[in-house]
Protein chains: 2
Amino acid sequence: MLGRVNHIALVVPDLEVAAARYAGTLNARVTAPSSLPEHGVRVVFVELENTKIELLEPVGEGSPIQAFLDKNPSGGMHHICYEVADILAARDALVSNGARVLGDGNPKTGAHGKPVLFLHPKDFFGTLIELEQV
Amino acid sequence: MLGRVNHIALVVPDLEVAAARYAGTLNARVTAPSSLPEHGVRVVFVELENTKIELLEPVGEGSPIQAFLDKNPSGGMHHICYEVADILAARDALVSNGARVLGDGNPKTGAHGKPVLFLHPKDFFGTLIELEQV
């Protein structure tokens with residue numbers, strides 16, 4: 001079921017500072033920031049040879065990552081996004097195996113315009129898993 | 001400086017349960033467990049198309065991941081390992097940019113038999129970074 005690791009998402013308190021640190025200190029290729037107000041985030045990608053790091057900063061009230069930043073004011077590792085070929089088939093197989101899908105159980109349109117869903121971290125040992133249909 | 005993401009490391013409270021969940025519920029390819037008592041861990045790899053997930057369980061007293069598991073009893077995301085071509089050059093560039101290397105600042109032989117070092121998570125927004133020379 002699991003395909004490539006599409007990205008690893010890290011929440012940061014200040015997107016510009018974090019992007020500069022990855023570009024400067026770590027000498028990595030970093031995209032320009034983009035705002036996704038409908039997702040409550042601003043985002044920068046660190047583009048690596050085989051996958052991406054997604055740096056996320058909360059935007060607006062009710063940002064889905066604000067609570068994480070409140071608990072982890074310095075930032076931290078937030079989730080891993082795996083690619084799947086068929087998100088509904090993946091969801092049905094997961095649910096039949098007892099895994100819980102967050103929200104109403106239906107895929108949403110994610111930050112990259114593709115169907116995504118999130119799995120309950122309690123079912124995967126404290127790691128939040130995103131699935132994205134590619 | 002940063003090459004491929006070599007692996008993403010997740011600490012789990014029970015390696016067999018976690019390996020079975022990734023192999024079963026997530027239908028991923030999972031290696032047999034191996035013990036690395038000199039590193040204080042048992043480890044299983046989830047082999048994906050473009051990178052690996054390293055599932056880690058502490059072994060013995062003084063395991064470097066026991067404190068993490070005490071703080072996060074369900075487990076959680078622990079570190080990201082990036083490949084570098086020359087670990088001493090990478091270290092020197094990082095230190096000259098003000099980043100802190102954990103321990104005595106010299107590479108150790110990591111769990112894969114290659115030179116590794118870890119960077120202070122406070123310098124990278126709460127994310128623990130491992131560098132591995134490949």
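Residues are numbered from 1 along each chain as its sequence is written, and chains are lettered from A in the order in which they are written. Because the model is predicted, local features need pLDDT of at least 70 and side-chain atom pairs count only at pLDDT 80 or more, while totals for chains, interfaces and linings use all residues; side-chain values use heavy atoms, without hydrogens and water.

Strand 5 of chain A spans residues 52–58, strands being DSSP runs of E with at least two residues, numbered from the N terminus. Of its 7 residues, 6 are buried, that is, under 20% relative accessible area with a 1.4 Å probe and protein chains only.

Two strands pair with strand 5 of chain A, where pairing requires at least two DSSP bridges. Strand 1 of chain A (residues 5–11) runs parallel to strand 5, with 5 bridges; here A:His7 has A:Lys52 as its bridge partner. Strand 4 of chain A (residues 41–47) is antiparallel to strand 5 and is joined to it by 7 bridges. Within strand 5, A:Ile53 stands opposite A:Val46. Strands 4 and 5 of chain A form a hairpin, with 4 residues between them.

In chain B, helix 3 (residues 87–96) contains B:Arg91, helices being DSSP runs of H or I with at least four residues. B:Arg91 is classed as buried because its relative accessible area is 16%. Its side chain makes a polar contact (N or O atoms within 3.5 Å, one able to donate a hydrogen and the other to accept it; for residues adjacent in sequence, both must be side-chain atoms) with the side chain of B:Asp92 at 3.1 Å. Leaving aside residues up to four places away in sequence, B:Arg91 touches B:Val101, B:Gly105, B:Asn106, B:Pro107 and B:Leu117, contact meaning heavy atoms within 4.5 Å.

Notes: Buried means under 20% relative accessible area, exposed over 50%, partly exposed in between (1.4 Å probe, protein chains only).
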